[in-house]
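Good morning, and thank you for joining.

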Amino acid sequence: MEKMPKWADVVLIPIISLVLATILSALVILAIGENPVEAVNLMVTGALGSTYGWGYTLYYATNFMFTGLAVAVAFHARLFNIGGEGQAMLGGLGVAMVCLYIPWPHWSIALIAAGLGAAVFGAAWAAIPAYLQAKRGSHIVITTIMFNFIAAAFLNYMLVNVMRPQGSQDPATARFPEAVHLPTFQSMFSTAENVMFRGAPANISFFVAIIACLVVWALIWRTRLGYEIRAYGHSETGAVYAGISPVRITIIAMLISGGLAGLMAINNVMGEAERLVLNSTEGAGFIGIAVALMGRSHPFGVFLAALLFGFLYQGGAELALWTSIPRELIVVIQALVILFTGALDNMVRMPLEKLFLALRKEPQ
Amino acid sequence: MDSFVTLIQVLDSTVRLATPLLLACLAGLYSERAGIFDIGLEGKMLISAFFSAAVAAVTGSVWLGLLAGIASSLVLSALHGVASITFRGNQLISGVAINFLASGLTVLIAQSWFQQGGRTPSLFGQGRFEPINFPFAEALSEVPFIGPIYSELLSGHSILVYIAFLMVPATWWILYRTRFGLRLRAVGENPAAVDTAGVSVVGLRFAAVAICGVLCGIAGAYLATALQAGFVKEMTAGRGFIALAALIFAKWRPWHAMWACLLFGLLQAIALRFQNIDLGGIVIPVQVMDALPYILTVVILAGFVGKAVPPRAGGEPYVKER
């Protein structure tokens with residue numbers, strides 16, 4: 001018998017964790033001598049009070065949807081992919097190569113090709129840790145951490161020594177040609193007399209991210225492969241009895257995960273920067289961990305959690321602009337969310353389970 | 001002679017750069033040998049670096065700074081312990097959270113206390129660990145060969161460097177020659193057996209996590225008050241992860257940990273000094289040096305060159321039988 005109704009597990013626990021994280025964050029803001037209520041007001045108006053704010057919120061949310069989905073897919077196979085950051089960096093490299101070295105007639109074809117390039121590069125970067133986990137038993141958490149650092153060094157090398165245009169000091173590629181610039185929300189939604197999302201980086205990849213959420217949902221809950229991934233995640237021995245190969249599932253789940261993390265690059269590299277720079281990922285790969293934990297590894301949960309973190313990021317930037325609270329406040333909130341929804345999950349869950357058991361006994 | 005001087009200088013900087021790695025690596029060794037994975041070494045070092053520098057800057061005493069650093073690192077250790085031992089949460093996720101917590105809190109508090117863009121004021125005088133000169137170091141420096149080794153390489157480091165290297169035999173002795181060490185290793189391999197013998201698994205694991213906190217605290221304090229003069233944002237720069245890599249490279253053994261940290265320290269020293277290395281036509285870019293510790297660790301983990309097998313109960317929360 002379930003100790004708790006499913007809705008409590010899916011809705012109540014994340015909300016309680018979020019409330020705890022919020023209370024602690026408010027205490028942190030109080031401790032550094034600022035007013036938490038004012039801070040929240042500023043964040044809400046800054047992130048959601050204008051189409052400009054929304055443009056940034058949705059831009060960040062797009063990044064986090066991809067990386068959150070990446071972590072979530074791996075979680076379903078009980079693999080902890082901390083390597084989203086490195087995979088997203090490599091995805092950026094894939095996008096840059098597709099956009100720079102092939103002349104594209106129109107952005108729509110370029111987007112498909114760049115998406116493929118990003119996913120292939122991201123998946124390739126996840127493939128080695130996946131193979132080592134599946135075949136040699138090397139712990140995937142450690143290898144993916146190591147691959148983040150190797151990716152950073154590799155990207156640094158490529159930008160400084162190979163892809164930097166001649167005469168430029170800046171470790172970055174040349175700008176992508178005009179033809180591959182993605183339509184932004186500004187060009188998509190503005191009317192002649194009313195300019196919307198002015199200057200904000202949100203672009204068409206937001207819709208690609210939503211499609212990715214739907215595809216991942218269908219994959220995990222509506223296909224044989226998804227069933228195998230979940231079965232393997234629940235019980236390895238059970239999966240082996242059912243004829244599911246652990247090696248195959250580990251590698252496939254990590255390839256999908258790496259591909260999704262890599263796909264992020266169509267948003268930040270192709271959509272926003274329109275060239276590849278150092279540190280283009282800005283830690284989005286790690287935020288994916290918080291997003292996946294918060295969203296309970298469900299694509300719809302990931303979608304909501306990504307919006308929440310998009311709001312936090314844009315709100316945090318506004319806070320840093322108008323108050324003396326630095327942007328790092330968001331990193332603290334992110335840490336608290338990971339702590340409560342991930343590591344201290346039992347702290348929230350145990351008392352709740354007791355409560356539900358007590359409630360169930362009473363009527364008899 | 002010139003190349004000998006260069007060699008001594010590189011080795012000297014190797015010792016300096018290996019020290020924080022070694023302290024953090026031994027910290028991880030205690031924790032992981034007791035079955036608690038710790039990828040939060042980086043965060044604990046970072047928070048200690050900040051609090052040691054901040055307290056040293058305010059009080060002017062580096063020793064109070066060191067204490068504050070250790071205390072702050074212990075708080076994060078306690079958090080890791082509560083999450084992964086008491087509430088049997090995922091140790092890896094807890095470590096990730098601790099890294100972010102330290103990364104955010106240090107800048108937030110630094111900005112609030114000092115308003116210098118997330119750094120502490122520069123330390124000087126009593127606010128820093130000064131180098132200790134061995135007797136006759138000055139006089140012997142002119143002696144060929146032995147002189148530079150004695151006066152440059154061995155003498156002239158801060159006390160924390162010597163503590164770090166003394167911790168290696170100490171750790172070996174504790175782990176392999178004391179009752180506590182035997183139990184610590186046992187609890188990482190088979191906690192149920194330790195429990196059956198009537199020894200508290202929870203107590204042992206908390207003790208290991210606490211030792212880990214103290215050593216990470218010293219490592220962070222060394223970074224901010226001895227290697228450099230003050231705290232800057234993200235100053236650990238991945239050292240916690242290199243230490244973790246060294247720990248795996250050493251297969252969780254103290255003496256090997258020292259050699260692994262010296263090797264990775266040497267790579268850092270070479271990268272700092274030479275940038276791109278020209279080996280008769282083939283240029284090794286500096287990024288290869290940066291990535292080498294991680295690549296070597298992956299190779300070791302893959303088991304192509306001697307397999308690294310972690311403590312068997314590592315990462316598994318212990319549930320007492322009822």
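Before the first helix pair, a word on how its angle is taken: axes are lines fitted to C-alpha atoms, for helices over the stretch in contact, and angles run from 0 to 180 degrees between N-to-C directions. Please also keep in mind that what you see is a predicted model.

Helix α5 of chain A, residues 107–136, and helix α12 of chain A, residues 265–273, have axes that come within 10 Å and cross at roughly 130 degrees. The crossing in which α5(A) passes α12(A) is right-handed. Which residues meet here? From α5(A) they are Leu111(A), Ala114(A), Gly115(A) and Ala118(A), and from α12(A) they are Ala265(A), Ile266(A) and Met270(A). By class, this contact of α5(A) with α12(A) holds 6 nonpolar residues, 1 polar residue and no charged ones.

The second pair is helix α4 of chain A, residues 84–101, with helix α13 of chain A, residues 284–294. Their axes come within 6 Å and cross at roughly 135 degrees. On the α4(A) side the contact is made by Gly84(A), Glu85(A), Gln87(A) and Ala88(A), and on the α13(A) side by Ala284(A), Gly285(A), Phe286(A) and Gly288(A). The residues of this contact of α4(A) with α13(A) divide into 3 nonpolar, 4 polar and 1 charged.

Ala8(A), Leu12(A), Ile13(A), Ile16(A) and Ser17(A) of α1(A) meet Val348(A), Arg349(A), Leu352(A) and Phe356(A) of α16(A). Sorted by class, the contact of α1(A) with α16(A) has 7 nonpolar residues, 1 polar and 1 charged.

Let me now turn to chain A as a whole. Its secondary structure comes to 16 helices and 0 strands. The radius of gyration of chain A is 21 Å, close to the 21 Å that the globule rule gives for 364 residues, so chain A is as compact as a globular protein of that length. Along the principal axes, the C-alpha atoms of chain A fill a box of roughly 75 × 55 × 35 Å. Buried residues account for 52% of the 364 residues in chain A. Of the contacts in chain A between residues at least 6 apart in sequence, 75% join residues at least 24 apart.

How does chain A touch chain B? In chain A, 37 residues are in contact with 38 residues of chain B. On the chain A side, α5, α6 (140–162), α15 (328–343) and α16 (345–361) each supply at least two residues. The largest share of that side, 12 residues, comes from α6(A). The residues of the side of chain A that touches chain B divide into 25 nonpolar, 9 polar and 3 charged.

Val10(B) has its place in helix α1 of chain B, residues 2–33. Is Val10(B) buried or partly exposed? With 15 C-beta neighbours inside 10 Å, Val10(B) counts as partly exposed, because a residue is buried if 20 or more other C-beta atoms lie within 10 Å of its own. Leaving aside its neighbours within four places in sequence, Val10(B) is in contact with Ala269(B), Ile270(B) and Arg273(B). The C-alpha atoms of Val10(B) and Pro293(B), 283 residues apart along the chain, are separated by 17 Å.

The other two residues have a positive phi. Asn279(A), in the loop between α12 and α13 of chain A, has phi near 55 degrees, a positive value in a residue other than glycine. Asn279(A) is exposed, with 12 other C-beta atoms within 10 Å. Lys251(B) lies in the loop between α11 (239–249) and α12 (254–274) of chain B. Phi of Lys251(B) is near 50 degrees, again positive in a residue other than glycine, and Lys251(B) is partly exposed, with 15 other C-beta atoms within 10 Å.

Methods:
Residues are numbered from 1 along each chain as its sequence is written. Chains are lettered from A and ligands numbered from 1 in the order in which they are written. This is a predicted model: local features need pLDDT of at least 70, side-chain atom pairs count only at pLDDT 80 or more; totals for chains, interfaces and linings use all residues. Helices (H or I, at least four residues) and strands (E, at least two) are DSSP runs, numbered from the N terminus. A crossing is left-handed if the near helix is turned anticlockwise from the far one by less than a right angle, and right-handed if clockwise. Two residues are in contact if their C-beta atoms, placed from the backbone, lie within 7 Å. Ala, Val, Leu, Ile, Met, Phe, Trp, Tyr, Cys and Pro count as nonpolar, Asp, Glu, Lys and Arg as charged, and the others, Gly among them, as polar. The radius of gyration is taken over C-alpha atoms; the globule rule is 2.2 Å times the number of residues to the power 0.38.
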